[in-house]
Structure formats: C-alpha cells, structure tokens
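This report describes selected features of a model, taking one side chain and then one ligand site.

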Amino acid sequence: MIEIKNIYKSFDKLKVLTGASIRVEPHQVVVVLGPSGSGKTTMLRCINFLERADSGELTVGDMTIDFAKVKKKEIHEIRKKVGFVFQNYNLFANKTALQNVMHGLVVVKKMPKEQARKKAEDALAWVRLSDKLNYYPSQLSGGQQQRVGIARAIALEPEIILFDEPTSALDPELIEETLEVMKNVAKQGITMLVVTHELSFAQDIADKVIFMDGGVVVEEGTPEEIFNNPKEERTKQFLSRIIAAKSFDAGKDKFAGESLCQEK
Amino acid sequence: MCVKVNGLFCRCPVICVVLGMLAALVRTYRLPVISKVLDVFMALCKAFPANLILLICIMIYTYKFNDFAAFFHLDVNIRDVNLIYIAILGLTIVSLSGISEVLRSGLIAIPKGQFEAGYAVGMTAFQTFRDIIFPQMFRVVIPPLTNSILSLLKITALVNVMGVSDILKSATDAATESYAFLEAYVAAALVFWVLGIIIERISKMLEKYFAKSVKQIA
Ligand SMILES: Nc1ncnc2c1ncn2[C@@H]1O[C@H](COP(=O)(O)OP(=O)(O)OP(=O)(O)O)[C@@H](O)[C@H]1O
Ligand SMILES: [Mg+2]
C-alpha cells in the first residue's frame, strides 16, 4: 500500500504540487492522467526522493514519513521498497541487460551471484529478452531497453512500481510490446502507479484513474467513471483534447472515451 | 639517478589522480565549505606558471622548513628531508588543478539519469558512484587524462630549478664530464620518447577495456 497525503513542492517560486493526495491499495493499478506541467512526474519523483517534496506525508507499506523532516536512512529504506521505470529508460550504460537486472539484487539485496543471475535471467525471459542478455543498452532498441527497465524493477520485488510515461519516448510500433509487458506485470498482482497518456492502457488495466491538474487531484474514479462520465469540466476538456489528438494522429485507436466525443 | 627519476614519475601522476579525483568529487557533489576552499585554491594554481610554483615551494622549504617543523613539534631537520619530496609536492600543485578539472569534466558529462537509476534501484550514493558513474566517467577521461600525464612528464624537466635531478639534468650532468652535449640531449629525448610511448600504450589498453559498452563510432 502506498499513500501520499497533502504533498507540496515548489521549484523556487513555481508551485508544482499544491496539496495532492493519492492512495494505491495493494495489487491495484492506478493510472495518473493530466496535462503537461501538471506535476505528475514531480509527484512520482518525490515518492522515491529523486526530488525533495517540501511537505506532506508518505506511507509505503508499514513505513510513514513526513516529507519535511525525513532522514537519510528512511529515504534509503523507501527507495528499496519502491521501483521506478523511467521515461527515458535510464539503464546503466556500462552494464549489459543481464547485469542491469542483476546488479541491484547483488548490491542492494545482497543475493549470492548465482542466485541473482538466475533471477535476472527469469525476469528478462519474462519480458521476452532471453536472447539479449549480454547486449549493452546502446545495442538495444528503445522498446527493448524499456523492457529491461521493467525487468530491473520487478526483479527487486518492490512493494510498488512507479512508471513515468514509460512509452512516450517510443516509436508507435514499440509502444505495443511495452504495454503488453506492463499488462503482464499488472496481471501478476504487482502494485503499480502509472503516469501515461495511453488511454487504452488505463481503460483495460487500471483499477483507478486519477486526473491531476495544477498540482492537485481534480478527480478520481474507475476508468468507466472517468472516461464515460467525468464530472469535472477540466477532466472533460482534457479527455476530449487528448482523444481528438489521438484520432487525428492515427485514426485507428479505439477508446471507450470515444463515446465522450460522440456525446458532444 | 634512475631510481630518483622513476620515483618522481611514478608517484606524481598517481598522487595527482587520487587527489584530483577527491577534489573533483568534493566540487561536483558540492560538499559545503571545502568545495568553496577548493574552488579558490584550484583557480590560484591554474593562474601561476609552473616554474614559479616550483620556485616558491623551494623557497618556502629552505627558509621556513625549520619553523614548520618546530610549529608541529616534529623532530626533523631540513637536511633529513630529500628534496625530491619537495619536487613531488611542487609538481603536484602544478598539475593537480588540470587533472582534477579533466576528471570533473568526465563526472559532469554523465547524464543525471545514471545517478537516479542507481538511487531508484536502492543503491547508496557511494555504490552508485563506484559501480555506475566511475566506470563511465573513467572511459570518457582516458584521452585527456593521458594528455595531462604526458604534460606532467614534460614539466618534470623543470624541477632542476630546485636542484633536483630529472631526466634532462641527469643527461647534462653526464655530458659535462665528456662534453658530449648533443648526445646527452638526444639521450634525454629518447628517454622522454620511450616513456611517452609507454603511457600512450597503457592509455590505449585502458580505452579498449572500458569501451566495450559503447558502440564503435564509425
Ligand atoms: N528540476 C526542476 N526545476 C525547475 N522546475 C521544474 C523542475 N522539474 C519540473 N519543473 C517544473 O514543474 C512543472 C511540473 O513538471 P512535471 O514534469 O511534474 O510535469 P508533468 O505533469 O510530468 O508534465 P508532462 O506530462 O509534460 O511530463 C513544470 O512547469 C516544470 O517546468
Ligand atoms: Mg512528466
């Protein structure tokens, strides 16, 4: 379980998060939507302290901390409980796919090398990369790199994995394979908090959808509620804009959200 | 002569790289206070000509050594200290800032995402540096670091202002007996050349070893 209460964060004078609260139950998949600049990335980064929030409360599993006075040791503990999949993959450039997945197991989890290797191989097989174990990131496609990134996160068995727009740096034909892997992660019952613009993913997989704007949660609910029956004006506007952009883009995607367009 | 000269060469680059790395780390991770002090110190070192620094070192040593010793209650006399250590100190001050800057440029060239990936996996700052950042940084700095070490090799010829033997001085000393100056200079040049080749070789080997994770640039 993970819960953020009343998180505030500003960069100098720019107030990015202004009291957002989010709760993710165990085994839930929660998708966060919102316009560019609404603070989605910042919020995820605050959860594992790549950015320091100014105030608020964070609960991960049995640990609760206050953002304003968190200790170094607590940060380290929380990072061990939280996995992160980056928009631009951020694989260790000096390590092969296998080493990328293994390294945390050996160094952080203190697992014996052989056992870690076995586990890393399994994780990579699971994202269908068994044939690329000894490839360096520079030798992998974007989609393959992102799948290694996902394998690296799941191998560590964190309480929750945060995904920050994991497919938005990918070519359209590579998005599908990555979403497929993420759906499998969800089916495993792994708790996920996902920032994405892929409405189809939210629609098919999410237990809960959160719409953020201006640093706060504007609306949250099941995918049906948010896509078919949004209550807030800002949510409606955002959805119709993103759907219009998508259908203009490809004219092939099918969202339940289309009904939203048709209603108008 | 050989022993002395080798000592100068082997120790100086090692000391410079180790201290330079520490200074680069302090300045990149911006440790409070010392990073400010180092900023000033490095700027000063960069501004002075090499032989001036060496001369200042030897002056301070000759005039102030006994005061220092007394101040720290050390039971040593100026005659007990081999001049070579002062030469090493001087050369270190001369080269340190350059080498440290080379290392720092390598450090800041590493994308922020590499640090963050390490932290996100649960590694400490030290583990991340040791396993992820340093190997990548080192690969980038090998060519410029090689250059710095070659320059250091060449400025060792300046330590004769301190009365310390270096390759050049040893050669000319030998020549004064036989008046074979040209031969002596050629011999000295050969020694520098061979040392240069050795350093280049080591550098190429290291480059090859660390380059395995990078695509060959066409
Ligand atoms: N390190 C930083 N320094 C200063 N401002 C920042 C920093 N990081 C983010 N911001 C600002 O915070 C705001 C929110 O950024 P954030 O990346 O969280 O948005 P987002 O919701 O993830 O947007 P997108 O959908 O485009 O990724 C933006 O206005 C951005 O300019
Ligand atoms: Mg973002």
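## A serine in chain B

B:Ser203 counts as buried because its relative accessibility is 5%, and buried means under 20%. The model is a predicted one. B:Ser203 belongs to helix α8 of chain B, which spans residues 181-210.

Leaving aside residues up to four places away in sequence, B:Ser203 touches B:Ile142 and B:Thr146. With B:Thr146 there is also a polar contact: the two side chains are joined at 2.9 Å.

## The shell around ligand 1

Ligand 1 is surrounded by 13 residues. The closest are A:Ser36, A:Gly37, A:Lys40, A:Thr41 and A:Thr42. Sorted by class, the shell holds 7 polar, 4 nonpolar and 2 charged residues.

Two elements of chain A, β2 (14-24) and α1 (40-47), each supply at least two residues of this shell. The most comes from α1(A), which gives 3 residues.

## Polar contacts and cover

A polar side-chain atom of A:Thr42 is 2.5 Å from an oxygen atom of the ligand, and one of A:Glu165 lies 3.1 Å from an oxygen atom of ligand 1. At A:Ser38 the backbone takes part instead: a polar backbone atom is 3.2 Å from a ligand oxygen atom.

On its own, ligand 1 has 640 Å² of accessible area, and the protein covers 61% of it.

Terms used: Residues are numbered from 1 along each chain as its sequence is written. Chains are lettered from A and ligands numbered from 1 in the order in which they are written. This is a predicted model: local features need pLDDT of at least 70, side-chain atom pairs count only at pLDDT 80 or more; totals for chains, interfaces and linings use all residues. Side-chain values use heavy atoms; hydrogens and water are left out. A residue is near a molecule or strand if one of its heavy atoms lies within 4 Å of it. A polar contact is a pair of N or O atoms within 3.5 Å; within protein, one must be able to donate a hydrogen and the other to accept it, and residues adjacent in sequence count only if both atoms are side-chain atoms. Accessible areas come from the Shrake-Rupley method with a 1.4 Å probe; for residues, only the protein chains shown count as cover. Helices (H or I, at least four residues) and strands (E, at least two) are DSSP runs, numbered from the N terminus. Ala, Val, Leu, Ile, Met, Phe, Trp, Tyr, Cys and Pro count as nonpolar, Asp, Glu, Lys and Arg as charged, and the others, Gly among them, as polar. Buried means under 20% relative accessible area, exposed over 50%, partly exposed in between (1.4 Å probe, protein chains only). Contact means heavy atoms within 4.5 Å.
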